[in-house]
Every structure is written in C-alpha cells, then in structure tokens.
Amino acid sequence: MILQKRQRYLQIALNGSLYDAQKIISELPRSERILVEAGTPLIKTSGAEAIVQIKGWAGPLSYVVADIKTADLAPREVEMSVVSGASGVTCLGVS
C-alpha cells in the first residue's frame with residue numbers, strides 16, 4: 001500500500017504486549033486509512049517478531065509502521081523491519 005500525500009490517516013500505536021496488540025487489531029475496522037504501528041516498547045520487548053505478528057494479524061494489505069527510531073546502523077535496522085513485514089520505519093533526527 002502506498003500512502004497518498006493529501007489523504008488523512010489514523011495511526012494506532014501498539015506499545016503494550018503482543019496479547020494486547022492482537023486484541024486491539026481484532027477490534028479495528030478494516031480500512032486503508034488506518035496505519036498500525038509496532039511501537040518502540042513493543043519491539044524492544046518482543047523484537048522483530050512483534051512486526052511479523054502485527055503484519056499477520058492486520059493482514060497482507062495493511063500498512064504497518066515499525067517505530068524503531070533508528071539513528072545508528074539504519075540500513076540494517078530498516079532491512080530487518082522490512083523483512084519482518086513493515087511498510088514504513090521511523091528514524092530519529094538530531095540537530
């Protein structure tokens with residue numbers, strides 16, 4: 001799925017447990033305007049498996065954001081996220 005520039009989206013951040021994530025996803029309406037985020041705390045506790053699980057629960061056409069806030073080793077971290085099923089990845093900017 002490709003995001004449209006002038007379209008508004010709702011991003012749901014999943015930061016708790018995988019159990020909580022599955023429950024929340026099961027209650028979401030199916031919509032191309034809902035982005036599902038594997039939050040930083042969830043990825044830190046469950047690893048890339050959190051992205052794999054969320055993509056599976058949300059469905060193959062869903063847009064999953066991996067909120068890893070990468071700053072170091074970005075190519076490796078982005079690749080790991082994409083291989084796990086992420087559609088997008090966050091990065092951290094410092095000036």
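Contact, as the word is used here, means that heavy atoms lie within 4.5 Å. Leaving aside its neighbours within four places in sequence, serine 81 is in contact with Ile51, Ala66, Ile68, Ala86 and Val89. The structure is a predicted model, in which local features need pLDDT of at least 70 and side-chain atom pairs count only at pLDDT 80 or more, whereas totals for chains, interfaces and linings use all residues. Residues are numbered from 1 along each chain as its sequence is written, and side-chain values use heavy atoms, with hydrogens and water left out.

Serine 81 belongs to helix H4. Helices (H or I, at least four residues) and strands (E, at least two) are DSSP runs, numbered from the N terminus. The relative accessible area of serine 81 is 0%, and therefore this residue is buried. Buried means under 20% relative accessible area, exposed means over 50%, and partly exposed lies in between (1.4 Å probe, protein chains only).

Helix H4 (residues 74–83) forms a right-handed β-α-β unit together with S3 and S4. A crossover is called right-handed if, with the strands pointing away from the viewer, the path from the first strand over the helix to the second runs clockwise. S3 and strand S4 (residues 88–91) run parallel and are joined by three bridges. S3 also pairs with S2 in the parallel sense, over four bridges. Two strands count as paired if DSSP finds at least two bridges between them. Alanine 66 takes part in both pairings: in S3, alanine 66 is the bridge partner of alanine 38, and in S4, the bridge partner of alanine 66 is valine 89.

How much of S3 is covered? Seven of the eight residues of S3 are buried, so this strand is mostly covered. Threonine 70 is placed in S3 and has a relative accessibility of 5%, so threonine 70 counts as buried. Beyond residues up to four places away in sequence, threonine 70 touches Glu77, Val78, Thr90, Cys91 and Leu92. Lysine 69, also placed in strand S3, is partly exposed because its relative accessible area is 39%. Lysine 69 has a positive phi of about 50°, although it is not a glycine.

The next topic is the nonpolar core. In soluble globular proteins, nonpolar side chains tend to be buried together. A nonpolar core is a set of buried Ala, Val, Leu, Ile, Met, Phe, Trp, Tyr and Cys residues joined through side-chain atoms within 4.5 Å. The largest such core has 17 residues, and Leu14 and Ile54 have the most contacts inside it. At least two residues of this core come from each of strand S1 (10–14), helix H1 (18–27), strand S2 (34–38), helix H2 (40–46), helix H3 (49–58) and strand S3 (63–70). H3 gives the most, with four residues. Leucine 14 touches Ala21, Ile24, Ile25, Val36, Glu37, Ala38, Gly39, Leu42 and Ile54, when residues up to four places away in sequence are not counted.

Which residues of H3 are buried? They are Ala50, Ile51, Ile54, Lys55 and Ala58. These residues lie on the same side of H3, because they cover an arc of only 130° around the axis. The arc is that of the directions from the helix axis to the C-beta atoms. The cover over the buried residues of H3 includes S1, H1, S2, H2, S3 and H4. H3 is followed by glycine 59, whose phi is positive, near 105°.

Charged side chains also meet, and the structure holds two salt bridges. A salt bridge is a side-chain nitrogen of Lys or Arg within 4 Å of a carboxyl oxygen of Asp or Glu. Lysine 23 is partly exposed, at 43% relative accessibility, while glutamate 27 is exposed, at 56%. Aspartate 67 forms a salt bridge with lysine 69, with the closest N and O atoms 3.0 Å apart. Aspartate 67 has a relative accessibility of 10% and so counts as buried.

Finally, proline 29 is found in the loop between H1 and S2. Proline 29 has a relative accessible area of 55% and is therefore exposed. The C-alpha atoms of proline 29 and glutamate 77 are separated by 30 Å, and the two residues are 48 residues apart along the chain.
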